[in-house]
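This report describes the architecture of a single protein chain. The sequence and the structure are shown first, followed by the description.

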Amino acid sequence: MNSYLKCKEKLKEKVIEKIDLSRVCEDEEVREIIDEMILEESALYYISLSEKRKLSRELFHAIRRLDILQELIEDNTITEIMVNGIEEIFVEKNGKLIRWGDTFKSKEKLEDVIQQIVAKCNRVVNESSPIVDARLEGSRVNVVLSPVALNGPILTIRRFPDKPIEMKDLVKIGTLNHEVEDFLRKLVFSKYNILISGGTGSGKTTFLNALSESIPKDERIITIEDSAELQIRGIPNLVRLETRNANIEECKEISIRDLIKTALRMRPDRVIVGEVRGGEAIDMLQCFNTGHDGSISTAHANSARDILARLETMALMGMDLPLSAIQRQIASGVDIIIHLGRIRDRTRKILEIAEVCGYESGEIVIQTLYQFQEHETKEGEMISGELVKKKELRNVEKWTAAGL
C-alpha cells in the first residue's frame, strides 16, 4: 500500500473515532472533522493542496457515501456500473463498456457498501439469501454474493436519467419519428393495452416512462414493480407498489402476483406492471381482460412474435390451464406490442410495432403496423433508418370510442 493510501486509512480511522455516535451528525459536521484531521496530518508532513482536496472528497465518500462508487454515481454520462468482486469495475459510458481504473481495497469494504445500499430500501442480502434487487437514488441495483458468486461480491447498478426522457427526446435521438410518436400517443390515450418487449438494455423502462406522458391526468394509476424505478410524472392519483422479499425476521414475501391482485381492489383506471418474468403473467393478463383498459407492461423477448410465445410459457408457470385458453386470454387482452432493440452501433430503436388481431385456427394472429428499415450505410458510420408503415390498425373500436 503506497503512502497516500496509508495516510487515507489512518485519517479515516481518526475521523470515525472523533464522530459522536451518540447522536446524528450532519454531513457538514463530518466534512469539518475530516478537514480538521487533514490539517493536523499536514502539520506533520507535507500534503499538497490537490492531495488535501482529494483526501477530503474520498474520505467523505468512504464514510458517508458509497466509497469509490460515489464518483461514478455522480457522473451523468455513466449509465451502468458493474463491480465484479474487488478486482474489476466496468462502466457503460456513452454506450460503450470500459474498465474503470479504481477498485475496492478489500472484500469487507465492498460488502459494507452493498449492505449500505440494500438497507436503504429495507432489503436483506447475505450468504443464506445471496441474491437481491434493490434501488438507489434513481438507480436499479442487483447484488449477488457467495456462494452463488464465485469471484466475490457482484454489484450491478443501472442508472436512470435525473430527468425522465420524453417522447420528444426519443424523436430527437431517432428512436422513433413524429408520425409514430403521434400514433403511439393516440393509442395510449385511447386505452389500448400495450406490451413493450425487448432485450436487456434495449430501453423498455425508459420507453414506458415516455409513453406514460399521454395518460390523461385525471385517471387513477397503479404501478407494480420488483424495485421501484418508473418515473411517471404529472399524475396526481398515482399509487406505487413494490415487492418485498422474505427475510430472516420472518417477514412474508410479497410478490408481483400479490400486488396485482391487491391493485385490482384499489379501483385503478390503469395498471402498469414494470416487468413480467414468470407466473405473474397470468395475473397481468387477467388485469388486461377485466376492464382495466390502457394498462401497460414490459417483458424480455427477441421479437414481437417471440413475446407471445414467452407470455404463453410464463402464464403456464402461473396457472395450469389449456394452452388454447391462455392464447385466447393473450389475444383478447393484449392490443399492441412495441418491440425495442439495440442495433449494431449500440443505439436504441423501435424495431417493430405490431397489433394483436385475435385468435384463429389455434394461434394468435398479429400484423405488423410499423417496421424499422435500415438505410445503406458505410462501415463505421452511425446506422440510419426509419420506421416504415406496413398496415393500418385493424381494431379501431377503442380509437373511435376515444373520439379520435
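Ile221 stands opposite Arg270 in S10. The model is a predicted one, in which local features need pLDDT of at least 70 and side-chain atom pairs count only at pLDDT 80 or more, while totals for chains, interfaces and linings use all residues. Residues are numbered from 1 along each chain as its sequence is written, and side-chain values use heavy atoms, with hydrogens and water left out. Helices (H or I, at least four residues) and strands (E, at least two) are DSSP runs, numbered from the N terminus; two strands pair if DSSP finds at least two bridges between them.

S8 and S10 run parallel and are joined by 4 bridges. S8 also runs parallel to S9, with 5 bridges between them, and there Glu225 stands opposite Glu242. Of the 5 residues of S8, 5 are buried, where buried means under 20% relative accessible area, exposed over 50%, and partly exposed in between (1.4 Å probe, protein chains only). Ile221, Thr223 and Glu225 point one way from the strand, whereas Ile222 and Ile224 point the other way.

## The nine-stranded sheet

S8 belongs to an open sheet of 9 strands with mixed pairing, in the order S9-S8-S10-S11-S7-S12-S13-S14-S15. Strand S9 (238-242) and strand S15 (385-389) each have a single partner strand, so one side of each is left without a neighbour in the sheet. On average, neighbouring strands of this sheet are turned by 25 degrees against each other, direction ignored. Axes for such angles are lines fitted to C-alpha atoms, for helices over the stretch in contact, and angles run from 0 to 180 degrees between N-to-C directions.

Phe372 has Leu387 in S15 as its bridge partner.

Helix H9 (residues 256-263) touches strand S8 (221-225), S9 and strand S10 (270-273), and its direction makes about 170 degrees with that of S8. Helix H11 (residues 304-318) touches strand S7 (194-198), strand S11 (296-300), strand S12 (336-342), strand S13 (348-360) and S14. The direction of H11 makes about 140 degrees with that of S14.

## The hairpin of S2 and S3

Strand S2 (residues 88-93) and strand S3 (residues 96-99) run antiparallel and are joined by 4 bridges. Lys93 has Lys96 in S3 as its bridge partner. The hairpin has 2 residues between the strands, and Asn94 takes a positive phi near 55 degrees.

Arg99 lies in S3 and counts as exposed because its relative accessibility is 54%. The side chains of Arg99 and Glu88 make a polar contact (3.2 Å); a polar contact is a pair of N or O atoms within 3.5 Å, of which, within protein, one must be able to donate a hydrogen and the other to accept it, and residues adjacent in sequence count only if both atoms are side-chain atoms. These two residues are 11 apart in sequence and 7.4 Å apart in space, C-alpha to C-alpha. Apart from neighbours within four places in sequence, Arg99 is in contact with Glu87, Glu88, Ile89 and Phe90.

## Glu80 in strand S1

Glu80 is found in strand S1 (residues 78-84). Its relative accessibility is 13%, and Glu80 therefore counts as buried. The side chain of Glu80 makes a polar contact of 3.3 Å with the side chain of Arg158. Beyond its neighbours within four places in sequence, Glu80 is in contact with Phe90, Val91, Glu92, Thr156, Ile157 and Arg158.

## Helix H8 and overall composition

Helix H8 (residues 204-211) is mostly covered, with 7 of its 8 residues buried. The buried residues of H8 are Lys204, Thr205, Phe207, Leu208, Asn209, Ala210 and Leu211.

The chain contains 13 helices and 15 strands. Buried residues account for 49% of its 404 residues. Among contacts between residues at least 6 apart in sequence, 53% join residues at least 24 apart.

How values were computed. Contact means heavy atoms within 4.5 Å.
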